[in-house]
Amino acid sequence: MAALSEANQNFAKIRRTLFVATFDGWSVAVFAALTFVCGIGDWQVMLLGLAMGAVAYVELTAVSRLRRLNPTVIRWLWINQVALGSAIIIYAISQLLAAANGPGPFAAKIGEPALNKMVDTYGPLVNQLTQAIYFGVIAAAIFMQGGLALYYHTRGPHVQRYLEQTPAWILTMQRAGMDLR
């Protein structure tokens, strides 16, 4: 009983990692579906949705492998976050380039002079807001996905230490799906 109790205490950080990865995997899956559906007709948005879906699949698959105490899965988790962050950053940069090189959302002149004056007045503001939003998206991707990648990366030693310090019979029970609590 003492060995089970100690293993349960030592498993706490891995259990927390499982929770984080499960929550993140399902969150990314929901946002992937929303991104894809809302982006129908825009190939860049649909591609981002597909990339997010792939990331969600890898993350949720990694959760099941981590439950079976596979130590190599930690690497999958942090690389997966780097891939997600990279996809988001690439999309945001493409949108920034489109906004900088394109005519902008209010480029078309309207026959009404008062409306043309409004377009001339607010067009630059809309471009600045677009830039601010996408720079914010880049910053969020760096901090959120980068932070989560770092978190996963630091979990590797905990998993390895757990595997080394836990009796084999307890590891066998856990790999078979038994919960220590």
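Let me begin with confidence, since this is a predicted model: among the elements of the protein, helix α2, residues 12-38, has the highest mean pLDDT, at 95, whereas helix α1, residues 2-10, has the lowest, at 81. Over the protein as a whole the average pLDDT is 88, and 91% of the residues score at least 70.

Now to the overall architecture. The protein has 6 helices and 0 strands, and, read from the N terminus on, the order of elements is α-α-α-α-α-α. The radius of gyration is 23 Å, well over the 16 Å that the globule rule gives for 181 residues, so the protein is more spread out than a compact globule. Taken along the principal axes, the box filled by the C-alpha atoms comes to roughly 85 × 25 × 20 Å. Of the 181 residues, 32% count as buried, and among contacts between residues at least 6 apart in sequence, 71% join residues at least 24 apart.

The helix pair I would like to look at is α3 with α4. How are these two helices packed, in angle and in distance between axes? They pack at an angle of about 170 degrees, with their axes 9 Å apart, and because that angle is over 145 degrees, α3 counts as roughly antiparallel to α4. The residues of this contact divide into 16 nonpolar, 6 polar and 2 charged. On the α3 side they include V45, L48, M52 and V55, and on the α4 side they include W76, L77, L84 and I88.

Between these two helices, α3 spanning 43-67 and α4 spanning 73-101, there is a loop, and L69 has its place in that loop. The backbone of L69 deserves a remark, as its phi is near 60 degrees, a positive value in a residue other than glycine. For context, most residues other than glycine have a negative phi. Is L69 buried or exposed? With a relative accessible area of 1%, L69 is buried, because the cut-off for that class is under 20%.

Finally, let me turn to Q145, which lies in helix α5, residues 113-165. Q145 is likewise classed as buried, here with a relative accessible area of 10%. Leaving aside residues up to four places away in sequence, Q145 touches Q81, L84, G85, I88 and A140.

Methods
Residues numbered from 1 in each chain as written. Predicted model: local features only at pLDDT ≥ 70, side-chain atom pairs only at ≥ 80, totals over all residues. Heavy atoms only, no water. Helix = DSSP H or I, 4+ residues; strand = E, 2+ residues; numbered from the N terminus. Buried < 20%, exposed > 50% of the residue type's maximum accessible area, 1.4 Å probe, protein only. pLDDT = per-residue confidence, 0-100. Axes fitted to C-alpha atoms, helices over the stretch in contact; angles between N-to-C directions. Parallel < 35°, antiparallel > 145°, perpendicular 65-115°, else oblique. Contact = heavy atoms within 4.5 Å. Nonpolar A, V, L, I, M, F, W, Y, C, P; charged D, E, K, R; others polar. Rg over C-alpha atoms; globule rule 2.2 N^0.38 Å.
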